[in-house]
Amino acid sequence: HLYESLRRNQATVKTPIIFMSGEAAAEEIFNEIVDPEGAHFLGKPVHLADFRGMIRQLLTESGTKKRGPGKIVLVRHGQSQWNLENRFTGWIDVPITPLGAQEAHRAGRELKGMPFDIAFTSELARAQQTLDIILEEIERKDLPVEKDKALNERHYGDLQGLNKAEVAKKYGDSQVHTWRRSYDVRPPGTGGESLEDTAKRVLPYFNSQILPQAKAGKNVLVSA
């Protein structure tokens with residue numbers, strides 16, 4: 001879009017332009033199409049800052065006209081150490097296991113070719129590690145990443161760190177099932193969240209921060 005706009009305006013382009021990185025490429029493009037003797041463009045004095053502004057406007061117009069709704073890809077973190085040990089994890093920050101890393105690499109291979117524009121993740125290491133591996137696999141370590149505790153896992157209160165089988169033996173399968181699967185019952189202890197609490201935390205962030213990106217035509221990757 002930029003190249004054709006410049007061509008129609010009879011700009012002198014010394015070499016074909018491959019527009020790869022938006023405004024960040026402004027200086028390179030500026031050097032390609034602006035007469036170095038006196039820095040004139042279309043017969044008028046021009047400065048790099050002005051040129052960046054023109055590029056930003058052209059990109060905005062191009063994106064508005066050509067992009068339809070984007071895609072949202074949701075990825076669950078790879079196996080964590082406490083998944084392996086069958087413990088309630090919640091907001092405790094534990095890393096992924098070697099198997100979890102393998103799972104993340106496999107997810108990344110499945111996502112190769114998807115042109116992501118932005119990524120979101122929680123403040124927990126297991127989600128961030130999973131995202132880092134995926135970005136490595138798809139060769140997009142430069143992808144903008146937003147981190148927020150609104151995407152953290154459900155808080156399990158006093159159950160965090162306890163072995164699930166041992167908790168079931170102590171309190172009974174029915175009680176544990178109620179804590180884990182009912183919609184509005186919180187697990188015991190300070191900070192424990194029901195599924196309803198978790199939804200009230202996550203959905204406003206999703207609707208205000210993630211969904212608008214897709215509606216604007218961007219492809220979004222979420223690792224949580």
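This is a predicted model: local features need pLDDT of at least 70, side-chain atom pairs count only at pLDDT 80 or more; totals for chains, interfaces and linings use all residues.

**Entry 1: the overall picture.** I counted nine helices and six strands in the chain. Helices (H or I, at least four residues) and strands (E, at least two) are DSSP runs, numbered from the N terminus. Residues are numbered from 1 along each chain as its sequence is written, and side-chain values use heavy atoms, with hydrogens and water left out.

I looked up burial next: of the 224 residues in the chain, 39% are buried. Buried means under 20% relative accessible area, exposed means over 50%, and partly exposed is in between (1.4 Å probe, protein chains only). Then I checked contacts, meaning heavy atoms within 4.5 Å. Among those between residues at least 6 apart in sequence, 71% join residues at least 24 apart.

**Entry 2: α5 against α6.** Two packed helices are described by the angle between their axes and the distance between the axes. Axes are lines fitted to C-alpha atoms, for helices over the stretch in contact, and angles run from 0 to 180 degrees between N-to-C directions. I found that helix α5 (residues 98-110) and helix α6 (residues 125-137) have axes that come within 8 Å and cross at roughly 40°. That makes α5 oblique to α6; under 35 degrees counts as roughly parallel, over 145 as roughly antiparallel, 65 to 115 as roughly perpendicular, and the rest as oblique.

Which residues in α5 and α6 meet? From α5 I listed A101, A104, H105, A107, G108 and R109, and from α6 T130, I133, I134 and E137. I sorted the residues of this contact into five nonpolar, three polar and two charged. For that sorting, Ala, Val, Leu, Ile, Met, Phe, Trp, Tyr, Cys and Pro count as nonpolar, Asp, Glu, Lys and Arg as charged, and the others, Gly among them, as polar.

**Entry 3: salt bridges.** Side chains of opposite charge can pair when their charged atoms come close. How many salt bridges does the structure hold? I got eight, a salt bridge being a side-chain nitrogen of Lys or Arg within 4 Å of a carboxyl oxygen of Asp or Glu.

One of them joins E137 and R109, at 3.9 Å from N to O. E137 sits in helix α6 and R109 in helix α5, so this pair ties together parts that are 28 residues apart in sequence. Are the two buried or exposed? E137 counts as buried at 16% relative accessibility, whereas R109 is partly exposed at 47%. I also noted that R109, K112 and E137 are linked in a network of salt bridges.

Next I looked at D197 and R186, whose closest N and O atoms are 2.6 Å apart in their salt bridge. D197 lies in helix α9 (residues 195-215) and R186 in the loop between α8 (173-181) and α9, so the pair ties together parts eleven residues apart in sequence. D197 is buried, at 17% relative accessible area.

E196 and K200 make a salt bridge too (3.8 Å, N to O). Both lie in helix α9, four residues apart, about one turn of the helix. E196 is partly exposed at 25%, and K200 counts as exposed at 57%.

**Entry 4: α7 against α8.** Helix α7 (residues 164-171) packs with α8 at an angle of about 120°, their axes 6 Å apart. That makes α7 oblique to α8.
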